[in-house]
Amino acid sequence: MSHFSGDFRRPESAKSRLKDLLLQKDNQLCADCGAPDPKWASANIGVFVCLKCSGVHRNLGTHISKVLSITLDEWSDDEIDAMMEVGGNGFANSIYEAFIPDGYTKPGPSASHEERSKFIKSKYELQEFLKPSLRIIPNNSSKTPEEPSCFQNSSKKSEGMVEFMGLLKVKVIKGTNLAVRDMKSSDPFITVTLGQQTAKTTVKKKNLNPVWNEELMLSVPQEYGPLELKVFDLDTVSSNDSMGEAEIDLQPMLTSAMAFGDAEIYGDMQIGKWLKSDDNALIDDSAVNIVDGKVKQEVSLKLGNVESGEVYLELEWMPLDQ
């Protein structure tokens, strides 16, 4: 059904290192709740986690835990090296759970969201189970650590936990006719923000019609607003230059998905639509479809606050129980 083209994959040799690490015995269970077959990881902490725990990690912010999918996300060499350096769940837990009090029970695979959130926040953000001499005093900085947080003293900020209801996969397909910000071209990258979470694409050097085909993941809180998209030109000397922005209304997609429930029991069909209007950035009406048992939406956007530029996305809704 998709009319967008192109594919973007990491070399198999890089991903194979990660998969080999995942096969180790300690890494075949979620580091936090013990659920089998984890498919997510915190790249800067160095642990493998299940879907439910990955959502709680996302709520901590990327300055504490940068969550990536083992199979869906693009991993940098530095991120894979960081996971290899830690060695996985066994070593990380020997640090983060070294001082769990006697009688304290970790949440299990069937734990509630509240139990899971309390434990993960205590473990990684508040560092209540670390050896006292290793604990980091938090402040208001939100810089992302460049090394695994097992080994680095990084600044952290305290944020309230937000209950989420699922994940949103944002596939950034391409940009066209983007604005010139350097001499004759630009070095564009895209950020998407939902609440306190922000994810970004790689930078495309000297390209006004970049093709990304990159998948970004965000957790969707119970009280969600629009998805904010911004395009920037990378500037290594001064601050990055703006190349436009747009907002995506998630309500048509999420309302339709909730109304139909389990998408896997339906055949391919349209279940909703976000209509183009003078008040939004849509180039064309954006249909919400069930495709192969998944809720998807193709979105074509005309960038605002800029002289030119369009961006093409594919959204996919992943409910918590999927």
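Which residues form a negative surface patch? The patch consists of Glu228, Glu245, Glu247 and Asp249. The model is predicted. A search of the whole structure finds eight salt bridges, and the count of aromatic pairs comes to six. The points below take up the charged pairs, the aromatic contacts and the surface in turn.

**Salt bridges**

- Side chains of opposite charge can pair when their charged atoms come close.
- Lys123 and Asp32 form a salt bridge in which the closest N and O atoms are 2.9 Å apart. Lys123 belongs to helix α5, while Asp32 sits in the loop between α1 (12–22) and β1 (40–42), so this pair ties together parts that are 91 residues apart in sequence. Both Lys123 and Asp32 are buried, because each has under 20% relative accessible area.
- Glu316 pairs with Lys169 in another salt bridge, with 3.2 Å between the closest N and O atoms. Glu316 is part of strand β13 (residues 310–319) and Lys169 is part of strand β4 (residues 164–176), so the contact ties together parts that are 147 residues apart in sequence. Both Glu316 and Lys169 are buried.
- Lys39 is partly exposed, with a relative accessible area of 37%.

**Aromatic contacts**

- Of the six aromatic pairs, one is formed by Tyr104 and Phe119. This pair is tilted, with 6.2 Å centre to centre and 35° between the planes.
- Tyr104 lies in the loop between α4 (89–96) and α5 (113–125), whereas Phe119 lies in helix α5, so the pair ties together parts that are 15 residues apart in sequence.
- Tyr104 and Phe119 belong to one aromatic cluster together with Phe129.

**Charged surface**

- Asp249, one of the residues of the negative surface patch, is found in the loop between β9 (241–248) and α6 (251–260).
- Asp249 has 31% relative accessibility and therefore counts as partly exposed. Patches are made of residues with over 30% relative accessible area and no salt bridge, so Asp249 passes the area cut-off at 31%.

**Nonpolar surface**

- Ile265, Tyr266 and Met269 make up a nonpolar patch on the surface, with about 270 Å² of accessible area together.
- Ile265 counts as exposed, at 62% relative accessibility.

**An exposed glycine**

- Gly195 is found in the loop between β5 (188–194) and β6 (197–200). Gly195 has 60% relative accessibility and so counts as exposed.
- The C-alpha atom of Gly195 is separated by 9.3 Å from that of Ser219, and these residues are 24 residues apart along the chain.

Notes:
Residues are numbered from 1 along each chain as its sequence is written. This is a predicted model: local features need pLDDT of at least 70, side-chain atom pairs count only at pLDDT 80 or more; totals for chains, interfaces and linings use all residues. Side-chain values use heavy atoms; hydrogens and water are left out. Patches are made of residues with over 30% relative accessible area and no salt bridge: like charges are joined within 9 Å, nonpolar side chains (Val, Leu, Ile, Met, Phe, Trp, Tyr) within 5 Å. Accessible areas come from the Shrake-Rupley method with a 1.4 Å probe; for residues, only the protein chains shown count as cover. A salt bridge is a side-chain nitrogen of Lys or Arg within 4 Å of a carboxyl oxygen of Asp or Glu. Lys and Arg count as positive and Asp and Glu as negative; His and the chain ends are not counted. The place of a charge is taken as NZ of Lys, CZ of Arg, CG of Asp or CD of Glu. Helices (H or I, at least four residues) and strands (E, at least two) are DSSP runs, numbered from the N terminus. Buried means under 20% relative accessible area, exposed over 50%, partly exposed in between (1.4 Å probe, protein chains only). Rings of Phe, Tyr and Trp (its six-membered ring) pair if their centres lie within 6.5 Å; planes under 30 degrees apart count as stacked, over 60 as edge-to-face and the rest as tilted.
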